[in-house]
Amino acid sequence: MDRVMKLASERAVVVFTLSTCCMCHTVTKLMQDLSVNALVIELDSDPRGKEMERALLKMLGGRGPAVPAVFIGSKLVGGTNRIMSLHLSGELVPMLKNAGALWL
């Protein structure tokens, strides 16, 4: 969990993904479309990926998939459903601005 939190603090937006996950691709594409320079960490490309995936699942309360896991301003926001809900309600962009990920 320490490694997850260290990585999550390295940039305003950090997305933990798996390269084969279509929902991970959707979330990272949304961030790109919003001009967010997110740090994307593909857990299946990291030697400690399985360990981080278990930590993320624990942080998410043990429910649902561990990825995508989106951190904004070093805080775990959630996965696909949460990010898309925030985006559709108009809350995501202000959250990104507050974290310093957008300068619009």
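This is a predicted model: local features need pLDDT of at least 70, side-chain atom pairs count only at pLDDT 80 or more; totals for chains, interfaces and linings use all residues.
## Setting the scale

A residue counts as buried under 20% relative accessible area, as exposed over 50%, and as partly exposed in between.

## Salt bridges

The structure holds 5 salt bridges. Lys29 takes part in one of them, pairing with Asp33, and their closest N and O atoms are 2.8 Å apart. Both residues sit in helix α2 (residues 22–33), 4 residues apart, which means that about one helical turn separates them.

Another pair has a longer reach in sequence. Arg3 forms a salt bridge with Asp46, with 3.1 Å between the closest N and O atoms. Since Arg3 belongs to helix α1 and Asp46 to the loop between β2 (39–42) and α3, the pair ties together parts that are 43 residues apart in sequence.

## Helix α3 and its two sides

Now take a look along helix α3, which spans residues 49–59 and has Gly49, Met52, Ala55 and Leu56 as its buried residues. Viewed down the helix axis, these buried residues fall within an arc of 120°, so they line one face of α3. An α-helix has 3.6 residues a turn, so residues three or four places apart point the same way.

The face turned away from the buried side carries Lys50, Arg54 and Lys58, which are exposed. As for the buried residues of α3, their cover includes α1 (2–8), β1 (13–17) and β3 (69–72). After the helix comes Gly61, which has a positive phi, near 85°.

## Thr80 and the largest pocket

Which residues lie nearest the centre of the largest pocket? They are Gly64, Pro65, Gly79, Thr80 and Asn81, out of 13 lining residues. The pocket has a volume of about 280 Å³, and α4 gives the most to its lining, with 3 residues. By class, the lining has 6 nonpolar, 5 polar and 2 charged residues.

Thr80 lies in helix α4 (residues 80–89) and is buried, with a relative accessible area of 10%. Leaving aside neighbours within four places in sequence, Thr80 is in contact with Met23, Val27 and Pro68.

Methods: Residues are numbered from 1 along each chain as its sequence is written. Side-chain values use heavy atoms; hydrogens and water are left out. Buried means under 20% relative accessible area, exposed over 50%, partly exposed in between (1.4 Å probe, protein chains only). The arc is that of the directions from the helix axis to the C-beta atoms. Contact means heavy atoms within 4.5 Å. On a 1 Å grid over the protein atoms alone, a cavity is a set of points where a 1.4 Å probe fits but cannot get out, and a pocket is an open set with protein on both sides within 12 Å along at least five of seven lines; lining residues have an atom within 4 Å of a point. Grid points are joined across faces, edges and corners, and a volume is the space filled by probe spheres set on the points. Ala, Val, Leu, Ile, Met, Phe, Trp, Tyr, Cys and Pro count as nonpolar, Asp, Glu, Lys and Arg as charged, and the others, Gly among them, as polar. A salt bridge is a side-chain nitrogen of Lys or Arg within 4 Å of a carboxyl oxygen of Asp or Glu.
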